[in-house]
Amino acid sequence: MKALVSFCCALVVFSIFQSNAQPKKVKPVTDKTEAKIQTLMKQLTLEEKISMLHANGIFSAGGVQRLNIPQIMTDDGPLGVREDVKEGWGSANLTTDSATFFPNGSALAATWNPELAFRYGHDMGEEARARGKNVMLAPAFNICRVPLCGRTYEYYSEDPFLNARLAVQSVKGIQSQHVAACVKHFAVNNQEIERGRISVDVDERALREIYLPAFKAGITEGGAWTIMSAYNKLRGVYCSENDYLLDQVLKGEWKFKGMVISDWGGTHSTVGAANHGLDLEMGSRPPYNTYFFADKLLDSVKAGKVSEKVIDEKVHRILWVLYHTDMSDNLPAGKLNTPEHSKTVYDIAAESIVLLKNDRNLLPLKTAGIKSIAVIGDNATHTFHLGGFGAGVKARYEITALQGLQNRLGKTVELKYAQGYSAVYRPFGKNQRTETAKPDSGLVAEAIATAKSSDMAILFIGGNRDYESESRDRKTLDLPFSEQVLVDSVTAVNPNTIVVVVGGAPYDIGKIKQNNHTIVWSWYNGSENGNALADVLLGKINPSGKLPFTFPASIKDSPAIAMDAYPGKDLHEEYTEGILVGYRWFDTKKIEPLYCFGYGLSYTSFKYAGLTVAKKLFKPTETITATLKVKNTGKYAGKETVQLYVSKAESKIQRADKELKAFKKVNIPVGQTATVTVTLNIPVKDLAYYDVDSHSWKVEPGEYTLQAGTSSRDIKQSVVVTVL
Ligand code: BGC
């Protein structure tokens with residue numbers, strides 16, 4: 001698609017992407033449907049209603065055969081529709097449940113491309129439909145507050161605006177297939193340590209400005225039909241029974257009509273949860289009649305502690321979701337493992353890869369004259385569809401990095417593989433093995449010999465899905481498996497060494513940044529991983545990924561760590577950094593990161609010019625429209641994500657140095673006059689801060705500086721506007 005083809009003299013005008021990638025509109029539940037819901041409700045006995053409110057299998061719930069009410073059939077999750085399992089989580093050993101493996105959440109975020117988020121959702125929705133699921137437990141987009149969080153790879157980014165734009169489209173995509181999206185984990189599930197017991201004591205402004213916006217957008221703009229309550233507590237109350245979160249904010253302010261699903265085993269009471277917003281209790285261990293929302297709920301209704309009205313409201317919500325999904329008209333049949341799905345995976349992977357350093361212009365690889373390449377590192381042959389604890393996919397196929405290179409170069413270049421390091425990692429159970437293992441000298445020696453005897457070397461290092469996992473946080477940002485020793489050893493014997501780091505979260509690659517000239521960042525990039533990676537290295541794809549989170553130079557610089565506000569004390573964690581999360585912290589405190597938010601190079605170069613606004617004075621009800629010209633000044637066609645940040649110098653409240661308020665990814669052809677005019681819209685109401693005293697959003701009058709940049713720290717153009 002993004003072949004490095006020359007075009008000249010193109011002037012294209014793009015309009016802003018404001019979260020509407022033109023999905024098929026999902027029909028609202030009509031009055032007729034409401035009448036049908038009411039008719040069904042009248043026929044249901046209290047026992048039948050309660051049977052609809054709790055799990056009856058690891059991923060299933062409810063269903064009333066007598067009235068043809070289907071079960072709720074859920075499935076994970078962000079990486080694709082997971083394999084079917086039987087009680088105890090063992091494989092159901094089906095031959096029909098292999099699926100497409102989609103790139104992980106931070107990979108999708110690194111594309112900065114909401115249209116790809118829609119395609120991701122759409123295709124996963126088709127697969128869910130084909131597999132008979134009506135609720136996909138995705139997307140997951142808790143804010144990346146601490147880079148060590150084990151689920152960083154599943155989530156999107158450290159920025160609420162980027163998260164929101166992607167969440168809205170993922171939701172719309174999934175639901176276009178009459179499958180409910182389940183946005184998760186609501187809310188402030190920002191670490192895995194003590195996730196089942198910790199209380200997050202976050203101030204209201206940070207909650208509203210940083211942690212809730214993507215959920216709000218997923219519900220009010222994306223129209224998500226279900227949401228998953230998080231394991232943790234918010235201000236001392238479990239999220240699954242948190243009246244403020246579920247009843248006041250979600251169902252009250254945001255007018256959420258769908259159902260709240262507990263995280264698996266994340267319900268802690270019958271009366272509290274029933275009366276404070278939870279609709280469906282899920283969990284993975286039988287006997288299911290012992291669940292809080294099973295026999296105990298029936299008893300509580302009989303004892304008058306939970307009213308039948310409350311039960312009816314929950315049943316109504318479940319039927320409402322079913323009328324959008326399995327009981328809807330024109331139910332699509334779904335599709336599994338299609339070439340279109342593979343293409344979506346390829347496109348996401350291709351746009352997610354981030355070029356971190358290319359000082360010698362070694363990339364794109366010029367293979368003329370190259371007879372042999374040493375392909376070194378376990379991650380060249382590792383697959384990422386499974387591993388660790390939590391969501392995985394039984395992938396129909398996954399192209400590894402080595403296979404990708406073989407597919408593209410196998411006939412012309414000798415590829416010599418050496419494993420380099422052992423990636424065995426067992427964080428759970430007996431015989432645990434941790435990241436402190438010593439380098440395997442035999443593997444390193446073999447790698448050195450392979451690199452020495454080759455024209456060039458490509459090293460594949462980083463994490464894997466065992467190392468980054470649900471239910472545990474990493475202890476450090478260090479590269480695991482003594483990889484640094486391997487990098488140093490190989491680089492010392494072959495000056496033409498390219499380092500490809502694969503991971504879903506920030507790592508400390510400071511030494512590599514200092515010593516190596518060519519660095520590429522890749523992700524757990526789905527079924528087409530190796531093909532996309534090879535095409536980026538070879539220049540068929542010009543890299544356009546931008547980092548969705550800050551890479552700190554040291555973990556001590558990271559806000560929650562610097563404030564000693566992680567992982568909590570006595571099961572409480574005060575988010576004392578407040579609104580200063582991610583780049584907001586680094587920029588405000590003037591701390592130099594290793595790589596900043598939004599960073600990513602290209603094989604070409606871009607010049608920004610002429611940031612202008614049509615007028616300078618705005619009322620709070622208006623929208624600021626800014627335009628600027630981006631010129632491709634290099635040798636290759638390429639995509640660039642223009643990022644627009646906003647600052648307010650003089651303010652009566654605390655402000656972050658700058659905040660992302662708009663972005664636009666554009667394809668710019670090559671050629672002397674190849675210029676693209678980018679239009680970015682910011683509704684003035686999006687400049688509001690959350691005023692804790694009045695419990696409302698307020699736009700402060702005065703001057704705001706709009707800053708257009710290639711990253712959060714490479715601002716090219718700025719312009720000042722005044723809000724009246
Ligand atoms: C995770 C959820 C997941 C559920 C079912 C929980 O442990 O937190 O994200 O959907 O398991 O697999």
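**Exercise 1. Which residue in β13 is the bridge partner of Ser372?**

Solution. Keep in mind as you work that this is a predicted model.
- Start with the strands: β12 covers residues 372–376, and it pairs with β13 in the parallel sense over 5 bridges.
- Now look for the partner of Ser372 in β13: you'll land on Glu414.
- A bit of background: strands in a sheet pair through backbone hydrogen bonds, and they can do so parallel or antiparallel.

**Exercise 2. Work out the strand order of the open sheet, and say which strands stand at its edges.**

Solution. 
- Walk across the 6 strands and you get β11-β16-β15-β14-β12-β13, with mixed pairing.
- Check the two ends: β11 (354–358) and β13 (414–418) each have a single partner strand, so one side of each has no neighbour in the sheet.
- As you go from one strand to the next, the twist averages 20 degrees.
- Next, find helix α15, residues 483–493: this helix lies across β12, β14 (456–462) and β15 (497–502). Relative to β14, helix α15 runs at about 170 degrees.

**Exercise 3. Is Thr152 buried or exposed? Find what surrounds it, too.**

Solution. 
- Locate Thr152 first: you'll find it in the loop between β4 (135–137) and α5 (160–175).
- Its relative accessible area is 2%. Buried means under 20%, so Thr152 is buried.
- Skipping residues up to four places away in sequence, Thr152 touches Ser106, Cys144, Val146, Pro147, Gly504, Ala505, Pro506 and Phe549.

**Exercise 4. Which residues touch the most other members of the largest nonpolar core?**

Solution. 
- In soluble globular proteins, nonpolar side chains tend to be buried together.
- The largest nonpolar core here has 115 residues, and Phe186 and Tyr211 touch the most other members.
- Zoom in on Phe186: the residues it touches beyond four places in sequence include Leu212, Phe215, Ile227, Met228 and Trp254.
- There's also a second, separate core of 80 residues, with Tyr153, Ala349, Leu356 and Tyr507 among them.

Definitions and conventions: Residues are numbered from 1 along each chain as its sequence is written. This is a predicted model: local features need pLDDT of at least 70, side-chain atom pairs count only at pLDDT 80 or more; totals for chains, interfaces and linings use all residues. Side-chain values use heavy atoms; hydrogens and water are left out. Two strands pair if DSSP finds at least two bridges between them. Helices (H or I, at least four residues) and strands (E, at least two) are DSSP runs, numbered from the N terminus. Axes are lines fitted to C-alpha atoms, for helices over the stretch in contact, and angles run from 0 to 180 degrees between N-to-C directions. Contact means heavy atoms within 4.5 Å. A nonpolar core is a set of buried Ala, Val, Leu, Ile, Met, Phe, Trp, Tyr and Cys residues joined through side-chain atoms within 4.5 Å. Buried means under 20% relative accessible area, exposed over 50%, partly exposed in between (1.4 Å probe, protein chains only).
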